[in-house]
Amino acid sequence: MTEPLVKPKKKNPVLRTRLATLPPVPRSRSALGLTRAAAEGVFEMQVCADCGTVQYPPREVCGSCLSEHVAWKPVDNRGELIATTTLRHSNDLYFRERLPWRVGTVKMAAGPSVVAHVHEDCAEGGTVRLTLKLDRSGQAVLHALPEKDTPNMNDAPQLRESTCDPKFRRVLVTDGKSATGMAVARAMLEAGANAVFLGDASTWKTVPAFDKLVASDPRLQVVELDVTDTDSVDRLAASIGGKVEILVNTADYLRDGGILNRKDVNLARDAMEVNVLGLMRLAQAFGPGMCFRAADGSNNAVAWVNILSIHAHAALPARGAWSASKAAALSLSQTLRAELRGAGVRVMNVFPGPVDEEWEQLTPPPKIAPSGLAKAIVKGLQDGVEDVYVGDIAEELRTRLRENHKAVERELGQ
Amino acid sequence: MSMVASAATRAAPAGKRRGYDGVAVTVPVTIPYVRYSTRSAHWWLGRALAELIRGAGIAKGEVDGVCVSSFTLGPDTAVGLMQHLGMSPRWLDHIPMGGASGVVALRRAARAVQAGDAEVIACIAGDTNHVDSFRNTVSQFSRFAQDAVYPYGAGGPNASFALLTDYYMKHYGASREDFGKLCVAQRDNALKNPHALMKKPLTLQQYLDARPITDPIHLFDCVMPCAGAEGYLVMSEERARALKLPYARVRSTIERHNAFPEDPIQFRGGWAMDKDALFDHAGVAPADVDFLETYDDYPVINAMQFEDLGFCAKGEVAGFIRANEFTIDGSFPFNTSGGQLSVGQAGAAGGYLGFVQALRQLTGSAGRTQVKDAKIGVVSGFGMINYDRGLCSGAAILERGATQGEAA
Ligand SMILES: [Zn+2]
């Protein structure tokens, strides 16, 4: 049984902070199919279209019938743990710092035998569930988990290395006063966060629900933060930057309007200021500090969350300027992901459909409740994925974009 | 042929194989191992070639065939090495089969000599060992290792062998004491071999008390990576006699790659498919064998070779180990040089160690490690954990040709 994680002690400022190392990064291009699946939180392997063989490790052709038609498909993730070992020595710095480390061989019901990280609650000879997760290097690895959930299983140090669980971590919610921001704060507290900093860009504005939330839990702390103001962002980073282990960027500037129905670019500029340049300001102020603390104990800095929109992938012309800002933010997030990867800090992008809040008043249902969005964010962090699609509309658009993106473009423009 | 083996677990009957008549294997050479070397692989391979030429008493130009194995020769291959060493052979091979290289090199070279494609072939294997060589070799060993093994703790071969040792011990009844008995006997043999890096005796208690490295692998189950080189010459018996060289003859050989891919984890090697073909072709039985030199990067592989080469049945290895003594003067002389576990693992030269030692035994030049009246020896090789198991296996049955006294 997994020992429950102990709340980390207050940091001794005199001690040196352990710098981040990464597990081995190189992979063949075929193996990056696993990385794609892990980033999206699905369990897929190569399946031969001609003979049905499930194969692992990934190959260029079917190892059974030599067909070139091998596709990534969901497969049965169960198997028998037929051998295990505990490493007390490693050739790699990252693992050396984390020994002992348990690995094993799982004979999958689907066919192949795989080498996997093995959860401490798995018994040799027993049935296990395999899951694909991203390790700290951002590459996919297989974890063998107990057949059924066990108490505190997410606290196991090996598994926690592949996830971004908010438990005992400190979270900055950049706009804490919005409906989404408040819901994210609540969900983080429920998930066991040690502290939640609530960014407030309009301290002059009284929002009763916000005041009520702040009074409800001593772990909540309001901080002044205006993402359009570089000084404001820098001031906050100087004050709490060393304590932020998860940053959830909830700041958003959502207004209707396309291109030809206006005579100016003011609305577009405002959206860019918040949604694009705001993200960049936050990243420049908080990114380096998070990288510095990316291997700092059990409450190391782990994740950067951007709340984008499904319309980052396909513009909604009625909100053309806003859609463009979300697409720009998505592009920027890919650069941020590349820059944070060296330290092992994960960038998780969230793609919701319409959210049930004030600026979406006239949008017809289905809409996502802010609490549902917040729950999906926490789950994404606990699972350690990179992309989270929230709500039926987002899921449907995602599927249809793969099928025919031109059809989606036409229909969104009607 | 045995009637019990099922069609699925043995090789299909091959067409009649030709023998190795007229082939001589000679001039066993070892370039003494060191733990770390600042030299490159080219130095070690060059030294081995020089020793072969000196030992045979021939001119450099008379070596018209070369066969090379090395992990650390990169970016060169055997081709670049020929220019490096100023050789112009008319036959050249590069065998990247790790622990199976010694046997496979013989197979290639013997046929080339029989066919007249080359007259004197130098088979050499060697590697350097810099302080970071081992980590580099392990992390870039193969595509499957890079994709599907190294990211899981980067334990290297220790981790892969730990998993199959764990499985083997649970399903085939071998205990740590059994493995320990083999390691202790090999150390005893190594104390008689001046080339062995391990110079201190090992007791069973020390073996059992050693620190765990990667359960159930403990310290004395692991080889020590080092630098070194090994080599031998293949030529016609006629030529060997003319040069007055003691030599061994080849009774039979086998090789097999990626055997039993459907096994969920490795508990047997390719020998299990080919052992009947090996002994039938050689016209001898396991009981006729005077000594055995196996590839011993971990004790579990020794146990598999006992079973899969037919010295005992599958699952009976514990009884076999308990019933025999494995020292040079024991009931089953085994890894008489001390093996890699006590001599050291000089990269690809580890795949030649047993072969070269067998040549010493059969030419009467094994010194204090000599097995009395050794006439028939079996050498087996095993190599290349590409993903989760060793893929290459090979074996050769050698017999005494002319010994030192007879040749002179
Ligand atoms: Zn196929």
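Packing is judged here by contact, meaning heavy atoms within 4.5 Å. Helix α10 of chain B covers residues 271-282, and its buried residues are B:Trp271, B:Ala272, B:Met273, B:Asp274, B:Asp276, B:Leu278, B:Phe279 and B:Ala282. Buried denotes under 20% relative accessible area, exposed over 50%, and partly exposed the range in between (1.4 Å probe, protein chains only). Helices (H or I, at least four residues) and strands (E, at least two) are DSSP runs numbered from the N terminus. After α10(B) comes B:Gly283, which has a positive phi, near 70°.

The model is predicted: local features need pLDDT of at least 70 and side-chain atom pairs count only at pLDDT 80 or more, while totals for chains, interfaces and linings use all residues. Residues are numbered from 1 along each chain as its sequence is written, chains are lettered from A and ligands numbered from 1 in the order in which they are written, and side-chain values use heavy atoms, with hydrogens and water left out.

A positive phi also occurs at B:Phe260, which is not a glycine; the value is about 50°. B:Phe260 belongs to the loop between β8 and α10 of chain B, and its relative accessible area of 4% makes this residue buried. In chain A, the phi of A:Phe168 is likewise positive, near 65°, in a residue other than glycine. The loop between α3 (157-160) and β9 (170-173) of chain A holds A:Phe168. With 15% relative accessibility, A:Phe168 counts as buried.

Chain A contains 11 helices and 15 strands. Its radius of gyration is 22 Å, in agreement with the value near 22 Å for a compact globule of 414 residues. This radius is taken over C-alpha atoms, and the globule rule is 2.2 Å times the number of residues to the power 0.38. The C-alpha trace of chain A spans about 65 × 60 × 30 Å along its principal axes. Of the 414 residues in chain A, 55% are buried. Among contacts in chain A with a separation of 6 or more, 68% are between residues 24 or more positions apart. The accessible surface of chain A is about 18,400 Å², and carbon and sulfur atoms account for 53% of this area. Accessible areas come from the Shrake-Rupley method with a 1.4 Å probe; for residues, only the protein chains shown count as cover.

An open sheet of 3 strands in chain A has the order β2-β1-β3, with antiparallel pairing. Strands β2 (54-55) and β3 (70-74) of chain A each have a single partner strand and stand at the edges, so one side of each is left without a neighbour in the sheet. Two strands are taken to pair if DSSP finds at least two bridges between them. The antiparallel pairing of β1 (residues 44-48) with β3 in chain A runs over 5 bridges. Within this pair, A:Val47 stands opposite A:Ala71 of β3(A).

Two cis peptide bonds are described for chain A. One joins A:Tyr56 and A:Pro57, with omega about -5°, and A:Pro57 lies in the loop between β2 and β3 of chain A. Another joins A:Leu99 and A:Pro100, where omega is about -5°. A:Pro100 is located in the loop between α2 (93-96) and β5 (101-108) of chain A.
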